[in-house]
Amino acid sequence: MENTLREWFECVDSNKNGSITAAQLKKALAVGNLDIPLSVVQQMIRMYDFDKNGKMSFGEFVALNKFLVRVQDAFSALEKGHGFLTLDDAYGALLKVGFSLDSPAFYTLCESFDQSKVGRFRLDDFISLCSFVQSARNLFNSFDTSKQGRVMLDFNQFVYCTANCRI
């Protein structure tokens, strides 16, 4: 598996510098029939940009790939051959990925990520939604240093959070 990922990564790394940009990753995802907005691809890179250089190394790409496989597996398990998830299925798939949201948070997210506004999520919409939730989780965890599931933010920290979870 890692050899296949390495080959794929090296094909995407067109300038052969050992890292890929958001534009390169977006183009590569499109080859796999995933129409992910550039803003979401940038967010994916931020999620796994461990060295904070704005690009994705092979190791960071492997981490992103594990996340995407988990998301795609959850989607595939519940889409029932339709090519989309209903709202209930999307909630179940989020649980399979490891995200537990209350109803108000879930339905608010659905309003933002249901591109067609008909209560159906295609795979690329679901990947975008999961990328946002993972980014929000990562950011929340950075403030939840006591691991109690609660944080207190001052206004500057709140601005920082909203800027870092943008799509």
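Reader: What is L25 in contact with, leaving aside its neighbours within four places in sequence?

Author: In this predicted model, L25 is in contact with W8, V12, I20, V41, I45, M56, F61 and L64. Contact here means heavy atoms within 4.5 Å, so each of those residues has a heavy atom within that distance of L25.

Reader: What makes the largest nonpolar core a core, and which residues have the most contacts inside it?

Author: A core is a set of buried nonpolar residues joined through side-chain atoms within 4.5 Å. The largest such set has 45 residues, and L25, F67 and F126 have the most contacts inside it. Helices α1, α2, α3, α4, α5, α6 and α7 each supply at least two residues, with α4 giving the most, 11 residues. As background, nonpolar side chains in soluble globular proteins tend to be buried together.

Reader: Which residues of α5 are called buried, and why?

Author: They are D89, A90, A93, L94 and V97. Buried means under 20% relative accessible area, so each of these five falls below that cut-off.

Reader: How do you know that the buried residues of α5 line one face of the helix?

Author: Looking down the axis of α5, they fall within an arc of 140°, so they line one face. Their cover includes α4, β3, α6, β4 and α7.

Reader: Where does UniProt place the "domain: EF-hand" feature?

Author: The unreviewed UniProt entry places it at residues 1-35 and 36-71. In the model, residues 36-71 are 69% helix and 6% strand, and the end C-alpha atoms of that span lie 14 Å apart.

Notes: Residues numbered from 1 in each chain as written. Predicted model: local features only at pLDDT ≥ 70, side-chain atom pairs only at ≥ 80, totals over all residues. Heavy atoms only, no water. Buried < 20%, exposed > 50% of the residue type's maximum accessible area, 1.4 Å probe, protein only. Helix = DSSP H or I, 4+ residues; strand = E, 2+ residues; numbered from the N terminus. Arc of directions from axis to C-beta. UniProt positions renumbered as here; feature names shortened; annotations may be inferred.
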